[in-house]
Amino acid sequence: MFSKLFKIATIAAVAAGVAATPLPASQNLAARGYSFDNWGGIHSLSGFDNFYGSSNFVGHFSSETVVKHETEVVCHSESVEIIQQRLLVLQEMAKRIITEQICEVETQTIVFEQFHASLGSFSDDLRHTSGHAVGFDTGIASHFSSIVSHSGSLSTNSFGFSGSDLGKQYVVPSGSNWNPSTSPASVGAAFSAAQSAIGSS
C-alpha cells in the first residue's frame, strides 16, 4: 500500500515539474525546416510543401483568430465510452484515407507521420504549454461531413483551404474546469500516467 502511494506521489511530482517547465525551443522546432516536395523522386509527394509550408512540417500555427457565435459553444460531459467510440471512428477514417487514396508506401508513411505529429501537438494545448487556447478551427471542422460522398466512397474534391488557414476560425468552448493553481499538476499527472500506459503497451 505504501509503495503504491509513493509511486503515485512520485508520478504527480515529476508530472508537475514537467508541466511547469516549457519545452526547449529546439524541441518545438525539431520537425521544421524540411522539404518533402517530390522527396525521393516520388511523384505523389509533388506539392506536399504547399499545404503547411516547407518550414512547418507539423502544421504549427502562430496565432488563432477566436470567432464569436450567436450561441456560445459550451463543453458538456458525455460517457467516456461514447467519446472513445467517436475517436476510434476518426482514427479508422484516417487509416482509410491514407490507404485508399495514397498508393506509394513512402508517401503513406510521410503523410501519416505529419498527421500524427500535428494531432499530437494538441496535447500541448490541453496541458496549456503551447500558448494556444484549447479549441478547434470550426471552418475546417465543418468539412467533416464532406469527406465521404453520398455513395459511401471517399470524396476527391478540394475543400478550398490549406494548412495556413488553420486557426483563422478558432472556437474555444467554455465550461472547462481548468484551474491555473491546481490544474498544471493534476493534468501533468494525468499526462504522465497516460504516457506510462503507452510505454507499457
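Predicted model: local features only at pLDDT ≥ 70, side-chain atom pairs only at ≥ 80, totals over all residues.
Local features need pLDDT of at least 70, side-chain atom pairs count only at pLDDT 80 or more, and totals for chains, interfaces and linings use all residues. Residues are numbered from 1 along each chain as its sequence is written, and side-chain values use heavy atoms, with hydrogens and water left out.

Start with helix 5, residues 105-120. Helices here are DSSP runs of H or I with at least four residues, and strands are runs of E with at least two, numbered from the N terminus. The 16 residues of helix 5 should span 22 Å, and its end C-alpha atoms are 22 Å apart. The expected span is 1.5 Å times one less than the number of residues. Thr107, Gln108, Ile110, Gln114 and Ser118 are buried in helix 5. Buried means under 20% relative accessible area, exposed over 50%, and partly exposed in between, with a 1.4 Å probe and protein chains only. The buried residues of helix 5 pack against helix 3 (49-52), helix 4 (80-101) and helix 6 (122-126); contact means heavy atoms within 4.5 Å.

Move on to helix 8, residues 183-199. Its buried residues are Ser183, Gly188 and Ser192. They lie on the same side of helix 8, because they cover an arc of only 155° around the axis. That arc is taken from the directions from the helix axis to the C-beta atoms. Ala190 also sits in helix 8. Ala190 counts as partly exposed, at 48% relative accessibility. Its C-alpha is 9.8 Å from that of Arg127, 63 residues away along the chain.

Finish at Phe144. This residue lies in the loop between helix 7 (138-141) and strand 2 (170-171). Phe144 is partly exposed, with a relative accessible area of 48%.
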